[in-house]
Amino acid sequence: MESVMSLKSAAAAATPRVSYQTLQSHHRLPLNPIFSTSRWSISLPMSDRYRGCIRAQQSESKDGSVTLSPVNESEENAVENKELEVGSNEEEVADSQGKTIRRRPSTGPPLHYVGPFEFRIQSEGNTPRNILEEIVWNKDVEVTQMKEKTPLAKMKKWVENAPPVRNFVRALRTSNLRTGLPGLIAEVKKASPSRGVLRENFDPVEIAQAYEKGGAACISVLTDKKYFQGSFENLEAIRNAGVKCPLLCKEFVIDAWQIFYARSKGADAILLIAAVLPDADLKYMIKICKMLGMAALIEVHNEGEMDRVLGIEGVQLIGINNRDLVVVANKFYFYTETFELDISTTKKLLEGERGQLIRRKDIVVVGESGLFTPADIAYVQESGVKAVLVGESIVKKNDPAQGISELFGKDISFVHSKEIAVSWKLLFRTEYSEILLAKVSWQLAWMHVWRISFEKMRIRSLRCVIVATLSFLSIMERTVGIRFVIDREECFSHNAQYEGDTVHVSFVVIKTDTPWHYGDEGVDLVINGPSGEHLHDVHDKISEKYEFVVRNSGIHRFCFNNKSPYHETIDFDIHVGHLTYLDQHAKDEHFKPVLEQILKLEEALYNIQFEQHWLEAQTDRQAIVGEGMSRKAIYKALFESAALIGASVLQVYLLQRLFERQLRTSRV
Ligand SMILES: O=P(O)(O)OC[C@@H](O)[C@@H](O)c1c[nH]c2ccccc12
């Protein structure tokens with residue numbers, strides 16, 4: 001209470017309302033916050049008691065000499081000078097910034113010691129109102145002790161020696177692209193307050209390895225001991241066992257110190273809960289994460305928290321928790337541990353403008369908790385998530401890898417998708433190798449021309465020729481084509497990045513794998529948008545060309561379905577028409593008309609190329625069908641001749657027998 005009092009009196013001495021400034025000195029995190037009024041600043045030493053409310057802005061150490069390196073420009077800004085309104089105490093500060101729980105008991109801990117006696121005085125101020133509050137209050141005590149053991153200065157060395165950071169967000173995006181399903185963050189979770197122990201024979205490394213084998217993009221490791229029976233040792237062991245997936249440290253973070261600690265144990269990402277942390281802390285901690293190269297998964301549970309988080313710069317990853325941890329206690333200070341689960345929370349928070357803003361900011365949303373079936377996954381994917389965080393439903397399974405397949409309704413492991421990826425790549429390499437070459441040279445030339453010599457070039461026509469040639473080469477940039485063999489179902493994903501782009505799609509069933517059948521039965525194609533919305537479908541088609549305008553940017557799915565019992569070979573092509581260069585380069589008025597012409601030319605040529613590919617595929621089909629037909633004709637002729645010969649032989653034989661019999665009877 002002491003420091004709160006001193007803050008109050010300092011505030012009263014200056015003006016009724018005081019703001020504090022978080023200051024970042026060069027290459028050094030601030031040790032004490034500086035409270036400033038519009039007229040002067042007062043530097044206040046803090047006691048541990050007060051530290052909590054502004055803990056994120058400081059990186060305290062006992063000796064006060066912590067420096068972090070390397071630090072660059074943006075890191076220097078990591079703790080930007082941000083004025084925050086301070087009310088009468090820390091809770092008011094935090095409340096004004098929207099967090100929903102109290103960070104520590106406002107009237108001190110319930111136990112009081114007077115000489116040899118121990119009193120338990122329970123009041124509203126020292127009784128947690130919900131499970132999250134209880135966890136956080138305990139965490140506060142735990143972190144204080146841990147910090148004493150390992151001050152930041154010591155941890156700096158650990159962080160330096162930590163294994164390199166892996167890109168958590170990229171892993172999720174790639175997985176989403178690879179499978180067309182939300183990227184999976186699989187959770188290594190032994191127990192939880194709501195469900196008790198989930199798995200008795202709990203070997204964290206074995207589970208993590210099974211998750212990786214099953215196709216998880218990332219792994220979440222619970223490190224809280226008291227409520228989830230997790231540990232930092234688990235995190236470290238998983239990392240040291242050679243698991244390649246990026247790791248999320250699932251902790252109740254209340255202090256920036258914990259982020260450093262998580263990094264030192266090999267974490268690539270950390271959870272920050274919006275209900276626990278006020279905006280200033282979130283901002284600060286996001287910057288700390290950035291500085292350490294880690295991702296921050298910001299967890300929200302309701303519209304208010306989502307809006308707060310959407311207002312913060314630099315958020316890349318938002319988790320929507322379908323489980324309500326903030327269950328308000330009744331008047332007797334007991335909270336009911338219902339931990340209500342409602343997966344429509346994800347949908348609700350992604351509807352309307354919020355969803356649009358998230359797409360515009362290209363934030364990856366993670367659907368968290370309570371996901372058990374392929375229908376649950378489909379539901380949250382339709383709502384707009386690109387990733388899911390799953391614990392219970394897979395950790396409980398004997399074989400967690402199998403659990404992943406059951407959860408998604410299909411095998412999403414690498415082994416399965418490798419074939420497609422490889423054949424895609426091979427095709428790309430063989431059929432489009434020239435295009436790649438052209439693309440590289442185009443990009444090099446384009447940079448060179450624009451940067452260095454374009455302005456100085458005198459001969460106009462030469463300039464035009466270069467631009468035209470380069471533009472011609474650029475046509476090939478977005479070409480994707482693949483020929484693949486389909487058994488039952490095969491899906492492809494394509495990222496259409498800009499709304500308003502035109503996507504051209506074509507496919508031709510080149511051949512059916514049976515010499516006797518020339519399949520006029522075709523295949524089905526279903527096209528879905530990024531949130532799973534249905535865009536187009538065709539049924540039993542041998543070939544089809546279709547184009548549509550991108551309404552929502554993001555991953556579009558193209559799923560082929562083969563109902564025939566035979567394998568079919570399909571030639572599939574996508575082009576995305578986008579007028580990029582006009583926005584990027586046409587700042588110069590003189591070039592605008594030229595560039596416009598080039599773009600039109602580019603678009604025209606690009607359509608020609610698309611048509612050409614389609615015609616080629618048709619020709620291939622005709623050739624194969626023709627070849628098959630003539631083969632069939634030959635087989636037919638051979639069969640007929642064989643039948644004829646057979647019939648003749650039989651005839652001769654029968655005649656012979658007839659003659660022999662007649663001869664015998666005439667002799668008799
Ligand atoms: O086991 P589930 O229902 O699949 O949930 C996993 C995960 O979402 C959950 O463990 C979780 C989400 N947010 C948290 C915050 C702290 C601890 C745990 C969590």
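Gln229 is partly exposed, with a relative accessible area of 38%.

Biologist: In this predicted model, where is Gln229 found, and what is its phi?

Modeller: Gln229 is found in the loop that runs between strand S10 (218-222) and helix H9 (232-240). Most residues other than glycine have a negative phi. Gln229 is not a glycine, and yet its phi is positive, at about 50°.

Biologist: Is Asp540 buried, partly exposed or exposed?

Modeller: Asp540 lies in strand S21, and this residue, although other than glycine, has a positive phi near 50°. Buried would require a relative accessible area under 20% and exposed one over 50%. Because the relative accessible area of Asp540 is 44%, the residue counts as partly exposed.

Biologist: Which strands are the edge strands of the open sheet that holds S21?

Modeller: The open sheet is formed by four strands in the order S18-S23-S20-S21, with antiparallel pairing. An edge strand here pairs on one side only, and this applies to strand S18 (489-496) and strand S21 (534-541).

Biologist: Which residue of S21 stands opposite Val523?

Modeller: Strand S20 covers residues 523-528 and pairs with S21 in the antiparallel sense over five bridges. Within this pairing of S20 and S21, the residue opposite Val523 is Lys541.

Biologist: What share of the residues of the protein counts as buried?

Modeller: The protein has 22 helices and 24 strands, and it exposes about 33100 Å², of which carbon and sulfur atoms supply 56%. Of its 668 residues, the share that counts as buried is 49%.

Note on methods: Residues numbered from 1 in each chain as written. Predicted model: local features only at pLDDT ≥ 70, side-chain atom pairs only at ≥ 80, totals over all residues. Heavy atoms only, no water. Pairing = 2+ DSSP bridges. Helix = DSSP H or I, 4+ residues; strand = E, 2+ residues; numbered from the N terminus. Buried < 20%, exposed > 50% of the residue type's maximum accessible area, 1.4 Å probe, protein only. Areas by Shrake-Rupley, 256 points an atom, 1.4 Å probe, with all protein chains shown as cover.
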